[in-house]
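Keep the structure in view while you read.

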Amino acid sequence: MAEDENPLAEFEQLDFLRDRHVRFFQRSLQVLPERYSSLETSRLTIVFFALAGLDVLDAMDVIDKNNMVEWIYSLQVLPTEDQSNSGRCGFRGSSHLGLPYTTKGPGVAHPYDSGHIAMTYTGLVCLVMLGDDLSRVNKQACMAGVKALQLEDGSFYAAPEGSENDMRFVYCAACICYMLDDWAGMDIPKAIEYIRRSMSYDNGIGQGAGLESHGGSTFCAIASLHLMGRLELTLSRRELDRIGRWCIMRQQSGFHGRPNKPVDTCYSFWVGATLELLGVFQYTDFERNRNYILSTQDRLVGGFAKWPDSHPDPLHAYFGICGLSLLGEPSLRKVHPALNISHRAFEHLQQLQRAWRDACT
């Protein structure tokens with residue numbers, strides 16, 4: 001496809017209901033259906049989907065940024081006076097433990113209080129999206145918390161109490177280290193070796209060695225290597241081409257995550273962003289992808305679902321919008337495919353990192 005062509009010129013007849021999606025994400029920050037009650041411990045991820053959705057929609061002016069920043073900082077697990085919890089720091093997902101509301105240290109000792117690697121990632125990106133300078137993030141404690149989660153095989157737990165260990169958390173660790181401009185929290189060679197061992201016979205990448213190739217874990221692996229600056233140093237041109245081919249073959253109308261599975265809105269981002277990082281997204285069928293994403297749009301309340309005629313939810317609403325952003329939808333901000341944030345937020349992060357480096361020289 002020629003660079004000067006508008007890839008959407010021939011199929012803009014399906015309307016994108018921007019204002020309804022803005023209201024959908026606003027509601028997601030205020031009230032949620034009862035079925036979401038089981039997600040209370042990971043409330044910060046829902047906030048991420050809503051904030052990131054509003055950011056890509058260029059509608060951050062509808063929220064109270066200062067109050068949101070303060071709430072996120074209240075979820076930071078800070079070191080106690082005796083540093084006894086140094087390997088448990090980061091961000092927790094919500095205030096479900098009932099600890100005192102505070103945004104300042106020292107931390108409060110509690111046997112069940114610890115950061116979660118996905119919440120630390122989403123907490124940091126939310127702060128960046130909100131324009132915060134991250135000056136109140138205890139970077140050293142975050143790095144100690146991440147480092148404590150890495151296993152001998154190079155993968156990461158989600159929390160120090162133990163959990164699954166797979167490619168999702170390798171990606172979260174890579175994002176945290178990249179954003180804080182400090183890779184002390186990760187043994188990079190071990191993480192790279194874990195990624196290589198997770199490559200499957202069919203050229204996709206699984207959650208771990210010997211596991212089925214999956215669009216989500218392939219994204220996590222490729223994005224992690226990209227953030228490390230090791231993508232082309234780790235994988236040969238032939239391997240990258242084969243991974244790209246596996247991803248392109250995931251397109252039916254939209255994309256699915258595994259062979260013989262139904263298409264799902266979120267994979268328009270997971271697989272689409274992987275193809276963007278590999279430089280071959282232009283070989284996909286833009287029209288069929290856009291038409292599928294818009295077929296899952298809820299025309300009444302806004303948001304996107306994973307399938308047509310299904311209930312919308314914050315995750316699929318955000319990734320549906322990201323999928324459209326990758327396609328060049330005119331009313332949307334561009335998305336940084338590796339960090340999963342808008343280019344506007346990414347540029348703010350770069351400014352912060354330059355200031356940190358200048359302060360060290």
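## Charges over rings

Which residue lies over the face of tryptophan 246? Arginine 250 does, at 4.6 Å from the ring centre. Lysine 306 lies over the face of tryptophan 307, at 4.6 Å from the ring centre. A charge sits over a ring if NZ of Lys or CZ of Arg is within 6 Å of the ring centre and within 35 degrees of the ring normal.

## Basis of the model

This is a predicted model, where local features need pLDDT of at least 70, side-chain atom pairs count only at pLDDT 80 or more, and totals for chains, interfaces and linings use all residues. Residues are numbered from 1 along each chain as its sequence is written, and side-chain values use heavy atoms, without hydrogens and water.

## Aromatic pairs

The whole structure holds 16 aromatic pairs. One of them joins tyrosine 318 and phenylalanine 319, which are tilted, 5.1 Å centre to centre with 50° between the planes. Rings of Phe, Tyr and Trp (its six-membered ring) pair if their centres lie within 6.5 Å; planes under 30 degrees apart are stacked, over 60 edge-to-face, the rest tilted.

Tyrosine 318 is buried, at 0% relative accessible area. Phenylalanine 319 is buried too, at 2%. Buried means under 20% relative accessible area, exposed over 50%, partly exposed in between (1.4 Å probe, protein chains only). Ring pairs link a cluster that includes Phe48, Tyr121, Trp270, Tyr318 and Phe319.

## Glycine 204

Glycine 204 is buried, with a relative accessible area of 0%. Glycine 204 and tryptophan 246 are 42 residues apart in sequence, yet 6.1 Å apart in space, C-alpha to C-alpha.
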